[in-house]
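Q: Could you walk me through this structure? I have not looked at it before.

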Amino acid sequence: MSLIAATAIAVKEDMPYFLVEKDGETYRFFTAKMHRHNHDTSLGAVLREFKNLGPIDFDQWRLGELTTINDNDTLMSLYAFNVLDMAIIEKSLNNKLMFVPASRLHGLLERVQTRAFVRFEE
């Protein structure tokens, strides 16, 4: 089993907002469990776990980047999707995840391993 992290990024008033979950007084990226013995793929595991939170419509989600995050000395893949409507997504996910401005996520974003970015171009 491997853990895979994911977020969605939207821009409002020139500020990026990240889809995260609250963990006590801090925030963390959403994670999914991938089981290779079940022939899971990392992307498939992430999408399935988002669907488990609520009736999300992925038609407007665009896979933007793949990188890694260091979470308690464990490197995890981090999928980042580009989205437009934050309110609809939060509602679809039954408000279990929320969009938070990057300015409030310094500690979380510092753990992203930027040297490992893979950008998906259209």
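**The cores and the overall fold**

A: In this predicted model, the largest nonpolar core has 24 residues, and Leu-19, Phe-50, Trp-61 and Phe-99 touch the most other members.

Q: Which elements give two or more residues to this core?
A: Strands S1 (2-12), S2 (15-23), S4 (30-34) and S6 (74-82) do so, together with helices H1 (42-53) and H2 (86-92).

Q: And what does Trp-61 touch, leaving out residues up to four places away in sequence?
A: With those set aside, Trp-61 touches Ala-8, Leu-19, Phe-50, Ile-56, Phe-81, Asn-82, Val-83 and Ile-89. Apart from this core lies another one, of 15 residues, with Ala-5, Val-20, Ile-69 and Leu-105 among them.

Q: Let us stay with Ala-5. Where is its place?
A: Ala-5 is in strand S1.

Q: Buried or exposed?
A: Ala-5 is buried, because its relative accessible area is 1%, and buried means under 20%.

Q: Which residues does Ala-5 touch, not counting those up to four places away in sequence?
A: On that count, Ala-5 has contacts with Phe-29, Phe-30, Thr-31, Val-46, Ile-69, Met-76, Ser-77, Leu-78 and Tyr-79. Take Thr-31: 26 residues separate Ala-5 from Thr-31 in sequence, yet their C-alpha atoms are 4.3 Å apart in space.

Q: Stepping back, how many helices and strands does the chain have?
A: The secondary structure comes to three helices and eight strands. Read from the N terminus, their order is β-β-β-β-α-β-β-α-β-α-β.

Q: What about contacts between residues 24 or more positions apart?
A: Such pairs account for 64% of the contacts in the chain with a separation of 6 or more.

Q: What is the radius of gyration, and what would a compact globule have?
A: The chain has a radius of gyration of 14 Å, which agrees with the value near 14 Å for a compact globule of 122 residues. Along the principal axes, the C-alpha atoms fill a box of roughly 45 × 35 × 30 Å.

Q: How many of the residues count as buried?
A: Of the 122 residues, 43% count as buried.

Q: Now the loops. Where is Arg-104?
A: Arg-104 has its place in the loop between strand S7 (98-101) and helix H3 (106-109). Arg-104 counts as exposed because its relative accessible area is 52%, and exposed means over 50%. Arg-104 and Leu-84 are 20 residues apart in sequence, and their C-alpha atoms are 20 Å apart in space.

Q: What is the phi of Asp-14?
A: Asp-14 has a positive phi of about 65°, although Asp-14 is not a glycine. Asp-14 lies in the loop between S1 and S2. At 77% relative accessibility, Asp-14 is exposed.

Q: And what about Asn-95?
A: Asn-95 is a residue other than glycine, and its phi is also positive, near 55°. Asn-95 is found in the loop between H2 and S7. With a relative accessible area of 56%, Asn-95 is exposed.

Key. Residues are numbered from 1 along each chain as its sequence is written. This is a predicted model: local features need pLDDT of at least 70, side-chain atom pairs count only at pLDDT 80 or more; totals for chains, interfaces and linings use all residues. Side-chain values use heavy atoms; hydrogens and water are left out. Helices (H or I, at least four residues) and strands (E, at least two) are DSSP runs, numbered from the N terminus. The radius of gyration is taken over C-alpha atoms; the globule rule is 2.2 Å times the number of residues to the power 0.38. Buried means under 20% relative accessible area, exposed over 50%, partly exposed in between (1.4 Å probe, protein chains only). Contact means heavy atoms within 4.5 Å. A nonpolar core is a set of buried Ala, Val, Leu, Ile, Met, Phe, Trp, Tyr and Cys residues joined through side-chain atoms within 4.5 Å.
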